[in-house]
Amino acid sequence: MKKLSKSEPVSMMGQPPIIWDKAEGFQIYDKWGNKWLDWSSGVLITNAGHGRKEISKALKEVIDRGLLATYVFIHEKTR
């Protein structure tokens, strides 16, 4: 926590001292089993939740294919 506070943006200071261990859906857990609602994630996690199996599967397929591309360059999977 001390190391983080030296480089943390001012806008992020004052967050509760929670060290995340895992997440599922809209909840986060520390290694002691405490559970919280995740009010801190950005728009992508907020909309989808943590640990969605279909998102994990899709990401693994892209990684295994070896083509990590953005929407800027057209490829077969562009939609």
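These legends accompany an overview and several close-up views of a predicted model.

**Figure 1. Overview of the protein chain, with three helices and three strands.**
Reading from the N terminus, the elements follow the order α-β-β-β-α-α. The chain has 79 residues, of which 10% count as buried. Among contacts with a separation of 6 or more, 11% join residues 24 or more positions apart. Two searches of the structure set up the later views. The search for salt bridges finds two. The search for aromatic pairs finds zero.

**Figure 2. Confidence along the predicted chain.**
Mean pLDDT for the protein chain is 79. A value of 70 or more is reached by 85% of the residues. Among the elements, strand β2, residues 27–29, has the highest mean pLDDT, at 89. Helix α2, residues 43–48, has the lowest, at 66. Where pLDDT is low, predicted coordinates should not be read in detail.

**Figure 3. I19 in the loop between α1 and β1.**
Helix α1 covers residues 2–7, and strand β1 covers residues 22–24. I19 sits in the loop between them. I19 counts as exposed because its relative accessibility is 53%, above the 50% cut-off. Setting aside residues up to four places away in sequence, I19 touches Y29 and D30. I19 and Y29 are 10 residues apart in sequence. Their C-alpha atoms are 8.4 Å apart in space.

**Figure 4. K22 over the ring of Y29.**
The charged end of K22 sits over the Y29 ring. The distance to the ring centre is 5.1 Å. Y29 is also one of the residues that I19 touches. The view can therefore be compared with the I19 close-up, where Y29 is again a partner.

**Figure 5. Q15, a second residue of the loop between α1 and β1.**
Q15 is found in the loop between α1 and β1. Q15 has a relative accessible area of 43%, so this residue is partly exposed. S40 is 25 residues away from Q15 in sequence. In space, the C-alpha atoms of Q15 and S40 are 9.3 Å apart.

**Figure 6. The salt bridge between E54 and R52.**
E54 and R52 form a salt bridge. Their closest N and O atoms are 2.3 Å apart. E54 has a relative accessible area of 45%, so E54 is partly exposed. R52 has a relative accessibility of 35%, so R52 also counts as partly exposed.

**Figure 7. The salt bridge between E61 and K57 in helix α3.**
Helix α3 covers residues 53–65 and holds both E61 and K57. The two residues are four apart, about one turn of the helix. E61 forms a salt bridge with K57, with the closest N and O atoms 3.9 Å apart. E61 counts as partly exposed because its relative accessibility is 45%. K57 counts as exposed because its relative accessibility is 53%, over the 50% cut-off.

Terms used. Residues are numbered from 1 along each chain as its sequence is written. This is a predicted model: local features need pLDDT of at least 70, side-chain atom pairs count only at pLDDT 80 or more; totals for chains, interfaces and linings use all residues. Side-chain values use heavy atoms; hydrogens and water are left out. Buried means under 20% relative accessible area, exposed over 50%, partly exposed in between (1.4 Å probe, protein chains only). Contact means heavy atoms within 4.5 Å. pLDDT is the predictor's confidence in each residue, from 0 to 100. Rings of Phe, Tyr and Trp (its six-membered ring) pair if their centres lie within 6.5 Å; planes under 30 degrees apart count as stacked, over 60 as edge-to-face and the rest as tilted. A charge sits over a ring if NZ of Lys or CZ of Arg is within 6 Å of the ring centre and within 35 degrees of the ring normal. A salt bridge is a side-chain nitrogen of Lys or Arg within 4 Å of a carboxyl oxygen of Asp or Glu.
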